[in-house]
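Please read the numbered points below alongside the sequence and the model.

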Amino acid sequence: MVMAPRKHREREMLFDSVIALVFILVACVDLCDGATVVDVYRLIQYDMSGVPFGSRLASLNHHAASLHFSPHTDLSRTVLLIPLRELNMSFVKEYIAESKPLGGLIFLLPRMFSFENKDGMGSNNQDESKEPLRNVLAELEQILIHANLPYPVYFAFEDDNIDAVLADIKKNDVTGQPATATTGGYKFVVSAAEPRKVVSPPITNIQGWLAGLKTDDDAHQLPTIAIVASYDTFGAAPALSVGSDSNGSGIVALLEVARLFSLLYSNPKTRGQYNLLFGLTSGGPYNYNGTRKWLRSFDQRMRESIDYAICLDSIGSWENELWIHVSKPPENAFIKKIVEDFSSVAEELGFKVNLKHKKINISNPRVAWEHEQFSRLRVTAATLSELSTAPELLEKTGGLVDSRHFVNEATIVRSVKLIAESLARHIYGHQGKNIQIFADNTNLAVNPSYVRSWLDVLSQTPRVAPFLAKDDPFVMALKKELEDHTDEVNLHRDVLEGVFTFYDSTRAKLNIYQVASVTFDLLLLLVLGSYLIVLFSFLVITTRGLDDLISLFRRPPSRKVKTA
């Protein structure tokens, strides 16, 4: 009867001791393993004609260092945390060109490049002190997207937590002791699955129609003017490629032009004798793949009805001049008419429109401007842009530097006024007449609030085509907006084809752990071992007595003694 309560007390004491040990272990872990979690955005991974580019890995589990690491340090198992403000471009070029081993790279970007940052957006006077940073980031982006990097590369934004971590890492690096399992330091961990190929990436073109004044039973017999803008982007980090200027500004301008002409075309008395076709196309960074497929979906009769097409590209950050790019000779009658309309309106608005002629090479698959896809099908077309020369492939396609901070909504308003007035003069035959149909302070005036609201939406929406779903909410929002202002809105769906293959895993969580050194681990092991020995001795003494504890350490008697 006495033994049962005693055994019960022994079990209680043992249970309490185990609980105490668990609390000690948790406390020790908390002391040496406090974690910070940071959003990170992976460098794009893609193949072009089978050649790999971008970051080829996603998972990360290495100690961290800064640019202050000691010379001759082995960085093959080290992640470098590099703020853009301290970036040494020669270091980046050296490590990439010579394929030096690295555990990984994480670039810290200033908050002004985040689409969540709204400080100073759209100001008329851009801070010139920020231009050097923008230029450095633009150069870095081009280097990274054209390199094959066999390790993880991520981007993150500056904040108090990661800035504090960076400061600690710098202090450790200055002492000449890199972070290792022996010395301790910080460990960066990104748990991510192996990136997989994006199979049959969808592209979706959206078109809307404003029918002209019918002169017979078939409105499609009327000539057509097409207003076109590509809406998708490409950049070093797909999850950050919002393209406020390229080509957010073009999309905003197209939607506002559609809204203005819907007001005119809603009244038969002011409806022009031209059909207006509005096209929002996908696949722009990839030789305007979506534009080509969209045009080829037209029948011959439809293509022949197009008087001309005006493509809008990057029109949100210019000052005193814009450019009209054409493929047909400037002497062409249609080209002359387009240029005259735009030039005369621009002169009245106080700026200049220049003409740039570039012949296309049909045998070369490279398409520098969207209008070239029209020209290849013998449709007269031009591109209106702030860019004086055609960008290289995958350049100026809405990457990291193309944020809302650097786009001026007042400039887009001027661009819209130029486009709308130029189209109106062509449609209503007002060439050479100083008539403003879309004059300020009228019901047909350009609406700055509408421009601003859509520019804000686009500047917060990454839209790299291979990562947009077929019925992506953004695509559906564009379709609905076009339905509010035009008729016969429909989607033209296809698959992105060509030389590009893309891989998923575009964003992740970075876990930052402060890791103790081996010395601390040994000390912790000694303390825990001592505790377990004391605990064991206490349990034996309280349950069996001191003699039993001492007997555990006595030598057992030999067999001879036992036999005797």
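1. In this predicted model, Val413 belongs to helix α10, which spans residues 409-428. Is Val413 buried or exposed? Its relative accessibility is 15%, and because the limit for a buried residue is under 20%, Val413 counts as buried.

2. The surroundings of Val413 bring in residues from elsewhere in the chain. Leaving aside residues up to four places away in sequence, Val413 touches Val446, Pro448 and Val451. Ile315 lies 98 residues from Val413 along the chain, and the C-alpha atoms of these two residues are separated by 9.8 Å.

3. The buried residues of α6 are Asn289, Gly290, Thr291, Lys293, Trp294 and Leu295.

4. Which elements cover the buried residues of α6? They include the strands β10 (202-210), β11 (224-230), β12 (275-281) and β17 (487-495), together with the helices α7 (300-305) and α9 (371-375).

5. The largest pocket has a volume of about 500 Å³. It is lined by 25 residues, and those closest to its centre are Arg134, Ala138, Lys396, Val401 and Asp402. By class, this lining comprises 10 polar, 8 charged and 7 nonpolar residues.

6. The second largest pocket holds about 290 Å³ of space. Its lining consists of 18 residues, with Tyr286, Asn287, Pro365, Arg366 and Val367 nearest the centre. The lining of the second largest pocket divides into 8 nonpolar, 5 polar and 5 charged residues.

7. How many cavities of 30 Å³ or more are there? The count comes to 5. The largest cavity contains about 220 Å³ of space and is lined by 22 residues, of which Gly284, Pro285, Tyr288, Lys396 and Thr397 lie nearest its centre. Its lining has 9 nonpolar, 6 polar and 7 charged residues.

8. One residue deserves a separate remark. Lys396 is among the residues closest to the centre of the largest pocket, and Lys396 is also among those nearest the centre of the largest cavity.

Methods
Residues are numbered from 1 along each chain as its sequence is written. This is a predicted model: local features need pLDDT of at least 70, side-chain atom pairs count only at pLDDT 80 or more; totals for chains, interfaces and linings use all residues. Side-chain values use heavy atoms; hydrogens and water are left out. Helices (H or I, at least four residues) and strands (E, at least two) are DSSP runs, numbered from the N terminus. Buried means under 20% relative accessible area, exposed over 50%, partly exposed in between (1.4 Å probe, protein chains only). Contact means heavy atoms within 4.5 Å. On a 1 Å grid over the protein atoms alone, a cavity is a set of points where a 1.4 Å probe fits but cannot get out, and a pocket is an open set with protein on both sides within 12 Å along at least five of seven lines; lining residues have an atom within 4 Å of a point. Grid points are joined across faces, edges and corners, and a volume is the space filled by probe spheres set on the points. Ala, Val, Leu, Ile, Met, Phe, Trp, Tyr, Cys and Pro count as nonpolar, Asp, Glu, Lys and Arg as charged, and the others, Gly among them, as polar.
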